[in-house]
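Please look over both before turning to the points below.

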Amino acid sequence: MAATTLDRPGTGAQATPPDVQTRVKLFNRICAGVLIAFALLWLVPLAWALDTALKPNAETTKTTWAIENPTLEAFTNTLQNTDILKWYGASFITSAMTALLTVLTASMAAYAISRMRFRYKNVVFWIVLAGIMIPGQVLIVPQFREFSTVNLLNTFWAVILPQVPTAIAVFIFKQFFDGLPKELEEAARIDGASRFRIYRQVVMPLTRPAVAAVAIFTFVFTWNNLLWPLLVLTNPDLMTIPVGLSTVQGAFGIRYADTMASAILGALPLIAVFLLFQRNIVEGIAGTGLKG
Amino acid sequence: MTGVPASPPGSGGPVLSRRSFLRNAAAVTGVTLGGAALAGCSSPVVSGLAVSRSAPGGLDYWNLFGGGDGVRMQEMLDGFRKANPDVGLSAVTLTWGNPYYTKLSLATIGDKPPGVAVSHLTRMKNLVKADLLQELREEDLARHGLTADKFNEQTWKAGLVDGKVYAIPLDTHPIVTFYNTDVCKKAGLLDAGGKLKPLDSEEAFTEAMQRAKAVTGGFGGVIPINNETATPWRVFWSLYSQLGGEMLADNGTRVTIDDDKATQVLDLLSGVTKSQLMPSSIDYQGSVAMFANGQAAFLFQGEWEISTFQTAKTPFSMTLFPNLFGGDRYACQADSHTLVLPKQPTDDPELLDRSLRLVRSMLDQSNTWAAGGHVPSWRSYLDSEDFKKLSPQSNYASAADAAAYDPEGWYSGSGSNFEIVTGSAIGSAMSGQQSPAAALAQMHDQLGTLAATDSPL
Amino acid sequence: MATQTVGRTATDAASRPPGHGRRNEDARPAIWFLAPFLLLYVLFIIGPALYGLLMSFFSTSLVKPGLGSFVGVDNYAEALQSSAFWTSLWHTIWFTILTTPPLVVLAFVLALLADRVSRGRWFFRLAFFAPYVLPSAVMALIWIWIFTPGLGLLETALGKIGISSPNWLGDESVAMVSLAIATVWWTLGFNFVLYLAGLQDIPRELYEAAAIDGAGPWQQIRMITVPLLARTTTLVVVLQVIASLKVFDQMYIMTAGGPNFATRSVLQYIYDEGFTNFRVGYASALSMLFFLVVLAVSAAWFILVRPQEKEA
């Protein structure tokens, strides 16, 4: 999918006329200029946050980009005075577990719906589809009550479990499975392999793109979820990064460098995920978008 | 995504190597961070995944003190740690206001409350009604020397709920008058001893503001209004209580505003900003800055800002909030910080003892706490010579006896919806966005709705 | 899809039991495959949904066990008559109005520009999409700092060109706009990527043919790009609207619903009523009403998309 610019000679019967070519070149230059301007503008907030975090707290009252006494003390302050390392741990565990469980349960359910024949299959499928309609936020009140009754509040399970049954993940996997050719499975079937073995050894290895997309998206969304963990994780030891950071504002007051340092530290893991998995993320979005 | 790409769509050599470099760098960072995180928090991992209780021998303490108070509290906590090395104290600061109380309530409901928590006296009563606090029994308190006679009588009585003890008062923090001594001297507002002549009538007040404004060239005084509901409420409630007015009755189920008295106060407050004796648009930090650099000679605010001005080396002193209307019946808005013990899921006498040890330690360090401007409730310090000499705190120590706490209701208390509703209305009158009459109507309307709602407690 | 065997004799069809069993033959393994998901689904999605519906008819309190007293439709009546509910709904709609056009149009324009540029696309993707992966708390802290009166970057920058700033987060009439600005910065990247992918699917030949016919870039965009991206645009708009309806994080951290409740969204109102005021029964009724609103929007999209699908 190499990009082409429009000032290359066309592959059609005629080349584009020269005056149109220059007009197009100029237009493209302007486009590039505007785009670069916007991109730089978009980078400003993060750059400014980093700039502030590298200043000593007292210097943050001077609103300039120049740093007189660059220092890492804001970062060390944050690491020492907050539980940010614990927050990393909590976020990592809850996000990884949720991603893992989601991929497992959703792909298995989708495999059943896609490949197996059983009565009430359509009913099940429609029930799952209906779930896409229910926004999670509508459920926070009864879910909280539920967890409170069984004494599971303030545990990671309270964060993980409600986020696992994602109807959309089932949907994505089902679409994917539907698109897989059935020959390999049929062959394995004839060889007498159980359904589960087929699922595990034949189908899933082929499902890597969908697994990657679902895993990464679930990881990111679970990581960034604020409202639900805010409610169930009131023990500061267990807070995830978003919840922990939401308490920083009150605790740090006018120590702006420290606040920005904690923001930057809070952002690092996901920026890392983004840099590592850029292509998967982008393909994931593109895929969902175009297939509707 | 429905197809299986045979190979990643390549975009050329250089890009691939940059991508793989980024990949490796990010992977290394990620693994290191993840490893560090996991290594540094193995016990939360366990407690997060298992339904277990907190570490034995430990004590969790929650408070809402940021800024100068926060620093002082840390000092006192360090004092406790030094004297009690056997207790693993873990202290957490959460955001002041509704978020703090919501988190505290949710933690108690979720069976993982802290051992000790700070609570405003006005909010404590609602926590009791919601059955979230432990009753403190006489014998337990006596073991740690926390008997009623050791505390300021008014404050102790104010903290009782149906005659039972649920909270130990740490301080009373009233709204006070900060005044710039240099400016007031030049304006002829100080008496022979260098103290502010009492502003005991509306006329005296207005005149003082005018004289001060003439000297500062900016404003006479300042009260924060923008994005701030607590201070307008506190100023209003002080003056209104001096007039003898009330707002709520029957535990918040009836609105009993005396319209005449309320209008009188609102007229005074809106008039003072209209005539530009005080700014009509200024937020909390702005008001502090304005007083600190002498652009306003008076600041009406809680006493906790004392450290800010000491650090800024502003020439200032403090005294009681003006008694414009009260005569003999002086009143000023105040609340008290108390220490409470949330209900624990299991009976743990050792945790109870550790908690009370922390409480006692905080009281014993009342001198540190009072340095932050608060009026201590612990009599052994309050009555001492040291405190009497502590200036300017001793100037307004009597406010603890004249404290007008917020009216009771399930939706009331420091930082509550009640304060937000009333404070916004009063603030909008002061900023000129609404007329006093409209602001009063807004209060009636919104408080009426709150009052009509059944209490969930 | 007819089954095919690979290098085997076609014995499979004959060896399966004929008749009724076929429709339900996989029932056993299917149950095992479906069970984990369905169990969690019923426990944490369907169950709570029904429980929430039940609670909405009672005056359940968070700090008291059980359901509380039965109040019939009183909670719904209170919600529909409550000015706090309608204002929070209005705030949410206002937020949607403020954020959706920029997030759709600007993303489209930037994607168009990026599509024309041949090199360095990774840079633009990074610049626009990096904010999207940030947790809302990080975004909030950064923008609170930028909006800080007196010390904030925005005020200083605007001051340099002679524009005086309002109190971005403290002024009732401006606060929502500030939140919208921060949100646009935060989430534009997603739409940008979506549009970019859609643009790259448009065959170059169409543009070349139009260029040969003398169509300038403007006309090419109007005649070719916009119509072909209609489906993507509909998707972007609907996703955007639904996401805006569910807004909570920004308000909670940046303004706490203030000043004077001016930025309180529906979800935040539900949170306040349910968890700050403990009125869980009432909050459930509010949640049900909110669900109906989201459902209505989704239904509208469904109706919009169906004819588009038929066209395509």
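What pLDDT does chain A average, and what percentage of the residues score at least 70? The model is a predicted one; chain A averages a pLDDT of 82, and 91% of the residues score at least 70. Over residues 1-13 of chain A, however, the pLDDT is below 50. That stretch has 14 contacts in the model beyond near neighbours in sequence. Where pLDDT is low, the predicted coordinates should not be read in detail.

**Chain B as a whole**

- Chain B contains 19 helices and 12 strands.
- Of its 457 residues, 57% count as buried.
- Consider the contacts in chain B between residues at least 6 apart in sequence: 77% of them join residues at least 24 apart.

**Two helices packing within chain B**

- Helix α10 (residues 230-242) of chain B packs against helix α18 (residues 417-430) of chain B at an angle of about 85°, and the two axes are 7 Å apart.
- Because angles of 65 to 115 degrees count as roughly perpendicular, α10(B) is described as roughly perpendicular to α18(B).
- On the side of α10(B), the residues that meet α18(B) are Ala230(B), Pro232(B), Trp233(B) and Phe236(B).
- On the side of α18(B), the contact involves Phe418(B), Glu419(B), Thr422(B), Gly423(B), Ile426(B), Gly427(B) and Met430(B).
- Sorted by class, this contact of α10(B) with α18(B) has 7 nonpolar, 3 polar and 1 charged residues.

- Helix α4 (residues 98-109) of chain B and helix α14 (residues 266-276) of chain C have axes that come within 10 Å and cross at roughly 50°.
- From α4(B), the contact is made by Asn98(B), Thr102(B) and Leu106(B); from α14(C), it is made by Tyr271(C), Phe275(C) and Thr276(C).
- The residues of the contact of α4(B) with α14(C) divide into 3 nonpolar, 3 polar and no charged.

**Two buried residues in helices**

- Tyr282(C) lies in helix α15 (residues 280-311) of chain C. Tyr282(C) counts as buried because its relative accessible area is 1%, and buried means under 20%.
- Leaving aside residues up to four places away in sequence, Tyr282(C) touches Asn75(C), Glu78(C), Ala79(C), Ser82(C), Tyr269(C) and Glu273(C).
- Tyr282(C) and Ala262(C) are 20 residues apart in sequence, and their C-alpha atoms are 22 Å apart in space.
- Leu450(B) is placed in helix α19 (residues 436-452) of chain B. With a relative accessible area of 14%, Leu450(B) is buried.
- Apart from residues up to four places away in sequence, Leu450(B) touches Trp410(B), Tyr411(B) and Val421(B).
- Leu450(B) and Tyr240(B) are 210 residues apart in sequence and 21 Å apart in space, C-alpha to C-alpha.

**Cysteines**

- A disulfide is a covalent bond between the sulfur atoms of two cysteines.
- Over all chains, the count comes to 0 disulfides.
- Cys332(B) is in no disulfide, and the nearest cysteine sulfur, that of Cys184(B), is 19 Å away.
- Cys332(B) is buried, with a relative accessible area of 0%.
- Cys31(A) also counts as buried, at 5% relative accessibility.

Notes: Residues are numbered from 1 along each chain as its sequence is written. Chains are lettered from A and ligands numbered from 1 in the order in which they are written. This is a predicted model: local features need pLDDT of at least 70, side-chain atom pairs count only at pLDDT 80 or more; totals for chains, interfaces and linings use all residues. Side-chain values use heavy atoms; hydrogens and water are left out. Axes are lines fitted to C-alpha atoms, for helices over the stretch in contact, and angles run from 0 to 180 degrees between N-to-C directions. Helices (H or I, at least four residues) and strands (E, at least two) are DSSP runs, numbered from the N terminus. Angles under 35 degrees count as roughly parallel, over 145 as roughly antiparallel, 65 to 115 as roughly perpendicular and the rest as oblique. Contact means heavy atoms within 4.5 Å. Ala, Val, Leu, Ile, Met, Phe, Trp, Tyr, Cys and Pro count as nonpolar, Asp, Glu, Lys and Arg as charged, and the others, Gly among them, as polar. pLDDT is the predictor's confidence in each residue, from 0 to 100. A disulfide is a pair of cysteine sulfur atoms within 2.5 Å. Buried means under 20% relative accessible area, exposed over 50%, partly exposed in between (1.4 Å probe, protein chains only).
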